[in-house]
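The following note sets out several points on the model shown below. It is arranged as numbered paragraphs for discussion.

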Amino acid sequence: MIAFLGFITLLLLGFFVGRYLESQHFSSIRQREAELVVLPNTNSRYLLIPMQQIERSELVTGSVVISIDYFKRIVADLRSLIGGPVQSYETLLDRARREAILRMKESCPGASQIINVRVETSSIYNAAGNGIGSVELLAYGTAIYGQVQATNGL
Amino acid sequence: MFITNTETLPGKTIIDCFGVVSGSTVRAKHVGRDIMAGLKNVFGGELRGYTELLNESRDQALQRMTDQATQLGANAIINVRFSTSSVAAGAAEIYVYGTAVRVE
């Protein structure tokens, strides 16, 4: 009985607190994405914007480890019984990926563009062996510093 | 030392190539971080301890790769790739590799 109550408490805590924290995180991501839209990034290996002069280029990285909440994990476990899209993990990966890219952009103030961006995902398991439900996202690329060529109309 | 993950170093010319250099590190998290992560698992959200840990390991792996390149007489590393794998429970391996070159 006590174990059941504990389970319900965790479930409710996960649902309310987890949902609140996630919406907070998403609004922060949207705000920062809007601010950093001036720093374009591409996964192409060529320059996105023609440069008049390149001062320097450097490797930049951004990473985040993020965990799913208790409620969503249970929902995902149930979902795996019948199959189909697991929405709770979709939002987890979405926010982790966007956060990693944002951190990469934030790590190079003054750069004019980031090229050759690669995103890598890995999952982390805890010592007990049961899936901890957390993922590590790493975004890396080459930041280009220098003078952007003046273009007409842009 | 210039480090990029593109095949060329933008704005520079490669004059010499030394081949692949790599650096790796295996790290385990300590118990305190694990307990905090357990709590965080209920609410969801970022596990800062782990983010920090992986950043530290990545810096160390990069440092080892850079040392190797310096020994070869290179002054830049191009086409750098990262890879992470969990080798054992509670431990992660970070592996970084790239091509050591000399630029003008």
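**Notes on chains A and B**

1. The buried residues of H1(A) are A:Gly14, A:Gly18 and A:Glu22, a residue being buried if 20 or more other C-beta atoms, placed from the backbone, lie within 10 Å of its own. The count of buried residues among the 34 residues of H1(A) is three, and the helix is hardly covered. Helices (H or I, at least four residues) and strands (E, at least two) are DSSP runs, numbered from the N terminus.

2. This is a predicted model, in which local features need pLDDT of at least 70 and side-chain atom pairs count only at pLDDT 80 or more, while totals for chains, interfaces and linings use all residues. Residues are numbered from 1 along each chain as its sequence is written, and chains are lettered from A and ligands numbered from 1 in the order in which they are written.

3. Helix H1 of chain A covers residues 2–35 and reaches 48 Å from its first C-alpha to its last, close to the 50 Å expected at 1.5 Å a residue. The expected span is 1.5 Å times one less than the number of residues.

4. H1(A) packs against H2(A), residues 70–82, at an angle of about 110°, with the axes 6 Å apart. The two helices are therefore roughly perpendicular to each other, the term applying to angles of 65 to 115 degrees. On the H1(A) side the contact includes A:Gly14 and A:Gly18, and on the H2(A) side A:Tyr70, A:Phe71, A:Lys72 and A:Ile74; residues are in contact if their C-beta atoms, placed from the backbone, lie within 7 Å. The contact residues divide into seven nonpolar, two polar and one charged. Nonpolar denotes Ala, Val, Leu, Ile, Met, Phe, Trp, Tyr, Cys and Pro, charged denotes Asp, Glu, Lys and Arg, and the others, Gly among them, count as polar.

5. Strand E1(A) pairs with E3(A), residues 134–148, in the antiparallel sense over 15 bridges; pairing requires that DSSP find at least two bridges between two strands. In this pairing A:Val65 stands opposite A:Glu136.

6. E1(A), residues 51–67, is also joined to E3(B) by two bridges, and these strands run antiparallel. A:Ser67 stands opposite B:Gly45, and the bridge partner of A:Ile66 is B:Glu46.

7. Between the chains, 31 residues of chain B are in contact with 42 residues of chain A. Helix H1(B) supplies six residues, the largest share of the side of chain B that touches chain A. That side comprises 13 nonpolar, 13 polar and five charged residues.

Technical notes: Two residues are in contact if their C-beta atoms, placed from the backbone, lie within 7 Å. A residue is buried if 20 or more other C-beta atoms lie within 10 Å of its own, exposed if 12 or fewer, and partly exposed in between; C-beta atoms are placed from the backbone. Axes are lines fitted to C-alpha atoms, for helices over the stretch in contact, and angles run from 0 to 180 degrees between N-to-C directions. Angles under 35 degrees count as roughly parallel, over 145 as roughly antiparallel, 65 to 115 as roughly perpendicular and the rest as oblique.
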